[in-house]
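This report covers salt bridges, a sheet and a pocket. The sequence and structure are shown first.

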Amino acid sequence: MESVGRFGDSPFLWTLYGSGELPQGFSRLCAVFGGIYCLNRSVDGFIIAGERIVAVVTQGQRIKCNHIIANGRYVPQQHINTSLETRLNRAILISDRSLLPDLEKEHISVLNLSSLKSDVFPYLLEVGYEGCVAPRGKYVTHITARSDGVASTILNPIIDPFFSVTEDEEMKPQILWSLYFDLVLPSIISHNLPTNMRIVPNVDGHLNYAQIICEVKKIFEELWPDRDFLPPLLTEEDEERDNIE
């Protein structure tokens, strides 16, 4: 609720240019606090001594480490429970106009579509030029659901009431481009991982990142209990006060 009134009338915040700006923001923050990046390198393997990972192997080079914090795609297959995988069905659409019939000002539309297909928990997010994700007059729509099926099969019955693929249905926005895909989120068997390896959660089917941030904060506080999690940047007044003290 700290954002209420700071950036507009709504507490709902949207990252300009899309959520891809979030990791860039964290990267800049990490660099400010002394983080070092090794770019254009892939992880070829880990060197394990006892129950700990002591080094990362990349392009024939060993990089020593105290901790490994990674996402699920770096976990060896024997630590993944394939029977508990979660599948997200995704669709990204570009349309010639908004779903809102009378558009007078910038907006971000979020619709709960459970009434159309309650068993897959679908929701829709539409954003346009004002969010810096589409040319003026065009709109990008994200539709997400959770099921064991294929994205096109699950999502087409949800999309059809809102959009048209031809110019025949003038009352509906026309789909100019579409992409369907499925995200398979692995279930990690964490109790037998190397003792200094922590797995961060994947982006899931929720609209926000609140649960992910809570889980990441737990990992951070476990490894560095004497540090602040995402400390705010010092203002000029704070820096002057610290210098005086």
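Is Asp 96 buried, partly exposed or exposed? Asp 96 counts as partly exposed, at 26% relative accessibility (buried is under 20% relative accessible area, exposed over 50%, partly exposed in between, with a 1.4 Å probe and protein chains only). The model is predicted, and local features need pLDDT of at least 70, side-chain atom pairs pLDDT 80 or more, while totals for chains, interfaces and linings use all residues. Residues are numbered from 1 along each chain as its sequence is written, and side-chain values use heavy atoms, with hydrogens and water left out.

**Salt bridges**

The structure holds three salt bridges (a side-chain nitrogen of Lys or Arg within 4 Å of a carboxyl oxygen of Asp or Glu).

| Pair | N to O distance |
|---|---|
| Arg 97 and Asp 96 | 3.6 Å |
| Arg 87 and Asp 182 | 3.8 Å |
| Arg 198 and Glu 222 | 2.9 Å |

Arg 198 belongs to strand β10 (residues 197–199) and Glu 222 to helix α3, so their pair ties together parts 24 residues apart in sequence. Helices (H or I, at least four residues) and strands (E, at least two) are DSSP runs, numbered from the N terminus. Arg 198 is buried, at 17% relative accessible area, whereas Glu 222 is partly exposed at 48%.

Arg 87 in strand β5 and Asp 182 in strand β9 are 95 residues apart, and their pair links distant parts of the chain. Arg 87 is partly exposed at 29% relative accessibility, and Asp 182 is partly exposed with a relative accessible area of 26%. Arg 97 is also partly exposed, at 29%.

**Sheet**

An open sheet is formed by five strands in the order β6-β7-β8-β5-β9, with antiparallel pairing (two strands pair if DSSP finds at least two bridges between them). β6 (108–112) and β9 stand at the edges with a single partner strand each, so one side of each has no neighbour in the sheet. Strands β5 (residues 80–95) and β8 (residues 139–146) pair over eight bridges in the antiparallel sense. Ser 95 has Tyr 139 in β8 as its bridge partner.

**Second largest pocket**

The volume of the second largest pocket is about 260 Å³. A pocket is an open set of points on a 1 Å grid over the protein atoms alone where a 1.4 Å probe fits, with protein on both sides within 12 Å along at least five of seven lines; lining residues have an atom within 4 Å of a point. A volume is the space filled by probe spheres set on the points, which are joined across faces, edges and corners. β9 supplies three residues, the largest share of the lining.
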